[in-house]
Amino acid sequence: MAFNTKAIVAGIIKNIQDEESIVELELLAKTAGAEVVAKIVQRKTSYDPAFYIGKGKAQEIAEVAKALEANAVIFNDDLTPVQIRNLENLIELQIIDRTTLILDIFAQRAKSKEGKIQVELAQLQHLLPRLTGKGIELSRFGGGIGTRGPGETKLETDKRHIKRRIAYLKKELQKIKDSRHLLRSARKFPVICLVGYTNAGKSTLMNALTDAKVPSNDRLFDTLDTTTRLLILPDGRKALLSDTVGFIRKLPHEIVEAFKATLEEIKEADLLLLVADGSSRNFEEEINTVFKVLKDIQADNKPIVIAINKIDKINSSCILPLNSKNTVEISALYKKNLDELLKMICENLSKTRKFAEFLIPYDKLSIVDIIYQNGLIFSKECLPEGVKIQGEIEEFVINKYKNFLVNK
């Protein structure tokens, strides 16, 4: 990054989950391009309404920052406008909360028009209630974390302009949502969505299954824009495999709200392929985080196959703490056990098929091809009025061509 941010990470620890969250905050800061020079935590059961971490601890942060020549402090929770103003007055440095940090990373990662719109919307929605006092005057820092995306000029505009911009961005996202709905209604194959904690290896798995050549690096939120590729299953069926944005602890509600158009792909999927990092010491917590987000976006009722990835990094004596009939251990990097994973996908994807009987007129024979591509055909009979087909057919095909069902 152009601006060299030397940051102190700070937060309140109430339990073991908070300790892990602080560790993750350090990684997020490094991902954003900051150099973490110190970590300061306060063990207490509540947040200080004026200084979040307490005035005494804030003064300690100010002294450490001066000694280490830090120019930013990153806190592990969202801060109120009052807390931001008080901390900046006391510490006299740029104050960044967790959501601002995550949104900054998203701003770096967004490549498509849709991704950029969603990130800007999330940043403005997070910024709007914080437009007060010294807390918004970040242009004096000349760039850095929290000033990408809407950037310095947006931070110095009034609320009315930002509200107009938010309204405009929402309209643009609605157009994208409508366009995606049309594309989904026209699809010919079932959809499988990759979901999982960030950096679990979703992009690596997508490349291994489809040769998609999606960039896959060992860093948080490396994939932000949705990628979809055709997947040929072992039983000959075709499906669309979509890679989506990774989840994380305390996923900002602004992200969930702004990325509804993208997350809609998950809600509309026929099967979810949950990728988990089996080498992570927070394995179970990360799985639970994913399920929590799925519940938040009302996608927790989908058929799910769990792929425990990175088993090449796991000691042979290690026992994975998850037991499910729809779980398989894999190494996406070394393409280990992918045949078992594909078999499991086939078994669970079949649950999306139902028995149906169609009568397709001869002037609509293209529909016959679609039915064959998306079903297990039991019989086919040519009648004077059209082609009669019986079989187990994908639900989305049945719904799309329900007018041609024999028994509606």
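Lys39 is partly exposed, with a relative accessible area of 45%; buried means under 20% relative accessible area, exposed over 50% and partly exposed in between (1.4 Å probe, protein chains only). This is a predicted model, where local features need pLDDT of at least 70, side-chain atom pairs count only at pLDDT 80 or more, and totals for chains, interfaces and linings use all residues. Residues are numbered from 1 along each chain as its sequence is written, and side-chain values use heavy atoms, with hydrogens and water left out.

Lys39 forms a salt bridge with Glu26, that is, a side-chain nitrogen of Lys or Arg within 4 Å of a carboxyl oxygen of Asp or Glu. Lys39 sits in strand S2 (residues 35-43) and Glu26 in helix H1, 13 residues apart. Glu26 is buried, at 18%.

The whole structure holds 14 salt bridges, including these:

| Pair | N to O distance |
|---|---|
| Lys39 and Glu26 | 3.6 Å |
| Glu20 and Arg281 | 3.6 Å |
| Asp235 and Arg237 | 2.8 Å |

Glu20, also in helix H1, is 261 residues from Arg281. Glu20 is buried at 14% relative accessibility, whereas Arg281 is exposed at 66%. Asp235 and Arg237 belong to a salt-bridge network with Arg353 and Glu394.

Now for the helix packing. H1 (residues 16-32) packs against H4 (residues 98-109) at an angle of about 40 degrees, with the axes 10 Å apart. Here axes are lines fitted to C-alpha atoms, for helices over the stretch in contact, and angles run from 0 to 180 degrees between N-to-C directions. Helices are DSSP runs (H or I, at least four residues), as are strands (E, at least two), numbered from the N terminus.
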